[in-house]
Amino acid sequence: MSEFWPHQGGCEEAAGDGVLFLREQQIRLAQELMLLVWRDLGRVLAPVLDELGLGNAHCRALQILALHPGLTVGALQDVLGVTKQSLARTLAELQEKQLVTSLPGRQDRRQRFLRLTEVGRASEARLFAAQRERLVSAYREAGGNAVTGFRQVLRGMLSEESRIFLASDFRQVDPIKGKTRDGR
């Protein structure tokens, strides 16, 4: 069984890879690899987060807002899957560090639209750069077909809620201009 487990003799391909029937060991290997990647990406981010005085919750919020500027507080809470109280604490700290702004909606002043500030964009770019190097290296090593397959596997693991989020049109109304972000 050592051929299936990276810590017991390398991460060699197991017999039967490429067939649609997966053995328990192959699924366990995928689980272990995902846990190790998660840990290793966290280690890559740790020095930047420490320097910025941020934690993992801040990082996730910054990354989502960089990808989807103008999200409402409620939408960000849904995407991150955190409690309202936890997100409020995280956002307060990000706003205190002047990384995120919160603008009221034009038609509904209770609605809050979140955007990264210039400092927030620069901080998120530093965090992304730390992860980018690791991703680019892995993608190059794996090749185009593997990258496509990897994305298919990741999408296949998404919940319906996450799939809807990725597929949704985030042309929310700009709280300042009263138009969607693309100007319409």
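## Basis of the model

Residues are numbered from 1 along each chain as its sequence is written, and side-chain values use heavy atoms, with hydrogens and water left out. Because the model is predicted, local features need pLDDT of at least 70 and side-chain atom pairs count only at pLDDT 80 or more, while totals for chains, interfaces and linings use all residues.

## Confidence

The predictor's confidence in each residue is given as pLDDT, from 0 to 100. The protein has a mean pLDDT of 85, with 80% of its residues at 70 or more. Over residues 1-15 the pLDDT is below 50, and this stretch has 24 contacts in the model beyond near neighbours in sequence; a contact means heavy atoms within 4.5 Å.

Residues 173-184 also have pLDDT under 50. For that stretch the model has 30 contacts beyond four places in sequence. Where pLDDT is low, the predicted coordinates should not be read in detail.

## Overall fold

The protein has 7 helices and 3 strands, in the sequence pattern α-α-β-α-α-β-β-α-α-α. Helices (H or I, at least four residues) and strands (E, at least two) are DSSP runs, numbered from the N terminus. Of the contacts with a separation of 6 or more, 51% join residues 24 or more positions apart.

Of the 184 residues, 28% are buried, where buried means under 20% relative accessible area (1.4 Å probe, protein chains only). The accessible surface comes to about 12500 Å², and carbon and sulfur atoms account for 54% of this surface. Accessible areas come from the Shrake-Rupley method with a 1.4 Å probe; for residues, only the protein chains shown count as cover.

The 3 strands form an open sheet in the order β1-β3-β2, with antiparallel pairing. β1 (71-72) and β2 (100-104) are at the edges and have a single partner strand each, so one side of each lacks a neighbour in the sheet. Two strands pair if DSSP finds at least two bridges between them; β2 and β3 (residues 112-116) pair over 5 bridges. Proline 104 has arginine 112 in β3 as its bridge partner.

Helix α2 (residues 56-67) packs on the sheet and touches β1, β2 and β3. The direction of helix α2 makes about 95° with that of β3; axes are lines fitted to C-alpha atoms, for helices over the stretch in contact, and angles run from 0 to 180 degrees between N-to-C directions.

## Histidine 58

Histidine 58 lies in helix α2 and counts as buried because its relative accessibility is 11%. Leaving aside residues up to four places away in sequence, histidine 58 touches Thr90, Glu93 and Leu94.

Note on methods
Buried < 20%, exposed > 50% of the residue type's maximum accessible area, 1.4 Å probe, protein only.
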